[in-house]
Amino acid sequence: MEWKRLPLCFALFAGLAFGTTTHGEAADIAISCGAVGQELELCRTGAEAWAKTTGNTVKVVSSPNSATERLALYQQLLAGGASDIDVFQLDVVWPGILASHFIDLKPYSKGQEAEHFKSIIDNNTVDGKLIAMPLFTDAGVLYYRKDLLDKHGIKVPETWEDMTKAAETVQKAERDAGNSSLWGFVFQGRAYEGLTVNALEWIDSFGGGTIVDAEGAITVNNPKAQAAMALTQQWVKRIAPEGVLNYAEEEARGVFQSGNAVFMRNWPYAWALANGQDSPVRGKVGVTALPRGGDGGKHSGVLGGWNLAVSRYSKHQKEAADLAMFLTGREEQKRRAVIASYNPTMPALYEDAEVLKANPFFKTLYSTFTNAVARPSRVTGQNYNRVSYAFWGAVHEVLSGQSEASPALARLESELKRMSRRGW
Ligand code: GLC
């Protein structure tokens, strides 16, 4: 039997050693894509177009919707040096955690990085290596039911306090009129990365900072953050269903899109779906910047987004990099923006007539996208996921009524201090 294994071993070794297939041979590439909204379908059609023009084959592997579960899966695969997946889709907050597993894409990018927002390229550059190319960017926005606000003579809310009142008023009036399943507000309240994003938006909008500041100081326990949390603690069961404590993006969209919520916090991808042919709220939806935290506060949308990286354990690095460059290129970014409202990472596409026709808010909310608030992933590096885990845990306790805001933030502060005792 042994002799039979030899050629295979040799092939594997040669593949690993050279990191690419012999010139002229077609490669079989596996790409792991997100599956939130229309992501997976777009990844598949894009990857198939690439396969057709290059003569390679490609397998699209779906991954969990929750960014937290996806990170755990990727960490497991990469720690084992698995070569099953060539191209990984990385969250904007992961470069500091996962960078060592990916190749430098500079030799393959042919300067294409100059077309993208510089801040994203900088974020994807770790120790001088360009470990990922930007696929799409994200920032939190507020969706609202235009028809319901008009019907009840209510203005689009400017502050979170206004939003709370508006949600309560419309919910009550509609329920009194027999619309018993209507809720005021849905968001991402599950204990996972999405809650970190939502709560950072609340806190930063009140001027309460970004958990850990750019110098690494822990700032989360402050009166403004407490004020933000004290307000949001009133939401569950009053204007949001109790189930919101287990909602990620798609659960929130499900409720809003079926017509059962007045307001929703979500990412831009929900726009195309809410206005889809079969959507019960088609044409009834408005989108605006997330509210300010009180009169002295500001509009804060947290920066999200995804990038493509090539595994250093891939046996077809050259082809994998070619696929990553294709999918992050201009044509594909435009296609995804027009069909499914995924925000391009190239400033030029925000001036493209077809992109803007499909998504008028890409223009009106341009500064929301370009000035989005970053999570403290750069400064906390390898520790980011632990910081985020501690943060969303504390916030979840407050939202679910297990703790008041002040003691929860004080405990969180001590935990983060212990974590960073020897620096981040
Ligand atoms: C979106 C964002 C991503 C974020 C995630 C949290 O997918 O693009 O950056 O981490 O939501 O749920």
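**Close-up views of a predicted model**

View 1. Strand 1 (residues 28–33) and strand 3 (residues 87–91) run parallel and are joined by two bridges. Helices (H or I, at least four residues) and strands (E, at least two) are DSSP runs numbered from the N terminus, and two strands pair if DSSP finds at least two bridges between them. The residue that I31 faces in strand 3 is V87. This is a predicted model, in which local features need pLDDT of at least 70 and side-chain atom pairs count only at pLDDT 80 or more, while totals for chains, interfaces and linings use all residues. Residues are numbered from 1 along each chain as its sequence is written, and side-chain values use heavy atoms, with hydrogens and water left out.

View 2. Contact means heavy atoms within 4.5 Å.

**View 3. Strand 9 and its two partners.** All six residues of strand 9 (residues 261–266) are buried, so this strand is largely enclosed by the rest of the structure. Buried means under 20% relative accessible area, exposed over 50%, and partly exposed in between (1.4 Å probe, protein chains only). Strand 7 (residues 141–145) pairs with strand 9 in the antiparallel sense over four bridges, and Y144 stands opposite F263. Strand 8 (residues 183–186) runs parallel to strand 9 and is joined to it by three bridges. The bridge partner of F185 in strand 9 is F263.

**View 4. Surroundings of L245.** L245 is placed in the loop between helix 10 (223–232) and helix 11 (249–257). At 15% relative accessibility, this leucine counts as buried. Leaving aside residues up to four places away in sequence, L245 touches G189, R190, A191, V236, H396, L399 and S400. L245 and Y144 are 101 residues apart along the chain, and 20 Å separate their C-alpha atoms.

**View 5. Two non-glycine residues with positive phi.** D127 is not a glycine, yet has a positive phi of about 50°. D127 is found in the loop between strand 4 (125–126) and strand 5 (129–130), and counts as exposed at 77% relative accessibility. S341, also a residue other than glycine, has a positive phi near 60°. S341 lies in the loop between helix 14 (330–340) and helix 15 (353–358) and is buried, with a relative accessible area of 2%.

**View 6. The boundary between domain 1 and domain 2.** The domain assignment gives domain 1 (5–138 + 304–368) and domain 2 (141–301 + 376–419); the bounds come from an automatic or database domain assignment. The domain centres, taken over C-alpha atoms, are separated by 29 Å. In contact are 30 residues of domain 1 and 22 residues of domain 2.
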